[in-house]
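Reader: Hi! I'm new to this one, could you walk me through it?
Author: Happy to, here it is.

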Amino acid sequence: MLVSAKEMLEKAKAGKYAVGQFNINNLEWTKAILLTAQELNSPVILGVSEGAGKYMCGFNTVAGMVNGMIKTLGITVPVALHLDHGTYEGAKKCIEDGFSSIMFDGSHYPIEENIAKTKELVALAGEKGISVEAEVGAIGGEEDGVLGGGEVADPDECKMIADLGVTMLAAGIGNIHGKYPANWPGLRFDVLEKISEKVGKMPLVLHGGTGIPADMIKRAISLGVSKINVNTECQLAFADATRKYIEAGKDLEGKGFDPRKLLAPGVEAIKATVKEKMELFGSVNKA
Ligand SMILES: [Zn+2]
């Protein structure tokens with residue numbers, strides 16, 4: 001059964017570790033992540049962007065697939081199905097379609113409008129026990145065509161949004177989506193510390209987990225980050241393993257063209273990436 005992200009993240013914050021959000025794109029992705037979480041006895045958050053939701057034929061289809069897998073694979077660790085960077089409309093749809101967690105990314109609205117829309121979604125989600133992530137300070141990266149340092153959130157704005165009753169808060173601290181440029185100055189721990197002081201017990205979320213050095217990840221966790229989003233890294237691992245399989249001509253040997261064989265190395269690569277992240281984040285055996 002799907003659960004909200006609230007309890008798992010509050011436990012993570014208190015226990016000084018982080019739960020990984022791994023974005024899914026299809027059946028193989030989902031299965032690889034769920035099996036790894038179960039094997040490592042770790043809580044897990046499955047992230048679905050609006051684009052990935054469309055690709056997988058709608059949020060209702062995704063919820064159906066994930067619920068089916070949890071049952072058939074005998075998954076007993078806590079699993080949250082979470083909308084990643086949701087629009088106002090997308091968040092409402094996910095609340096109807098069986099997601100257990102949503103992110104409303106209102107960071108591009110003026111703060112007043114971000115607050116009004118976040119409040120409304122908190123009330124709607126609250127009726128169904130669904131957790132809500134809000135964002136302050138847009139996180140840069142290729143997603144919005146900006147390559148370079150991400151925006152840095154204002155700790156007072158973070159406090160304002162945190163007080164609306166959201167479950168967790170994503171705050172820009174120089175992190176970006178996708179690959180980091182060679183001249184990236186690193187995370188703004190000074191800002192993270194101030195935000196942490198302002199928001200108290202509220203779990204903080206770090207987006208753009210791909211390519212942030214392990215020591216920075218650990219320091220961020222020690223300063224209150226309890227959810228870390230991983231997306232690009234699984235994509236790179238999957239593509240690399242698939243390319244190697246084809247370049248080695250394995251699809252031309254026997255029934256190597258069978259999609260279940262063709263996609264298998266990529267699935268194993270996703271599993272290895274998820275395992276590595278869960279170990280780094282400290283969520284192993286925290287289910
Ligand atoms: Zn993000």
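Reader: Thanks! How many strands does the closed barrel have, and in which order do they run?
Author: The closed barrel has eight strands, in the order β1-β2-β3-β4-β5-β7-β9-β10, and the pairing is parallel. Strands pair if DSSP finds at least two bridges between them. Strands (E, at least two residues) and helices (H or I, at least four) are DSSP runs, numbered from the N terminus. From one strand to the next, the twist averages 25 degrees.

Reader: What kind of model is this, and how are residues numbered?
Author: This is a predicted model: local features need pLDDT of at least 70, side-chain atom pairs count only at pLDDT 80 or more, and totals for chains, interfaces and linings use all residues. Residues are numbered from 1 along each chain as its sequence is written.

Reader: What is the mean pLDDT of the chain?
Author: The mean is 93, and 95% of the residues reach 70 or more. pLDDT is the predictor's confidence in each residue, from 0 to 100.

Reader: Where is the pLDDT below 50?
Author: Over residues 143–148, a stretch that has seven contacts in the model beyond near neighbours in sequence. A contact means that the C-beta atoms of two residues, placed from the backbone, lie within 7 Å. Where pLDDT is low, the predicted coordinates should not be read in detail.

Reader: Which strands does α2 touch?
Author: α2 packs on the sheet and touches β1, β2 and β3 (79–86), with its direction making about 165 degrees with that of β2. Angles run from 0 to 180 degrees between N-to-C directions, and axes are lines fitted to C-alpha atoms, for helices over the stretch in contact. Helix α5 (residues 88–97) lies across β3 and β4 (101–104), at about 160 degrees to β3.

Reader: How do α2 and α12 cross?
Author: The axes of α2 (residues 27–40) and α12 (residues 264–281) come within 9 Å and cross at roughly 40 degrees. The two helices are therefore oblique to each other; angles under 35 degrees count as roughly parallel, over 145 as roughly antiparallel, 65 to 115 as roughly perpendicular and the rest as oblique. The crossing of α2 and α12 is right-handed, where right-handed means that the near helix is turned clockwise from the far one by less than a right angle, and left-handed means anticlockwise.

Reader: Which residues meet there?
Author: Among them are Trp29, Ala32 and Ile33 in α2, and Val267, Ile270 and Val274 in α12. The residues of this contact divide into nine nonpolar, two polar and three charged. Ala, Val, Leu, Ile, Met, Phe, Trp, Tyr, Cys and Pro count as nonpolar, Asp, Glu, Lys and Arg as charged, and the others, Gly among them, as polar.

Reader: And at what angle do α6 and α7 cross?
Author: α6 (residues 111–127) and α7 (residues 155–162) cross at roughly 25 degrees, with axes that come within 10 Å. That makes α6 roughly parallel to α7. Ile111, Asn114, Ile115 and Thr118 in α6 meet Glu157, Met160 and Ile161 in α7.
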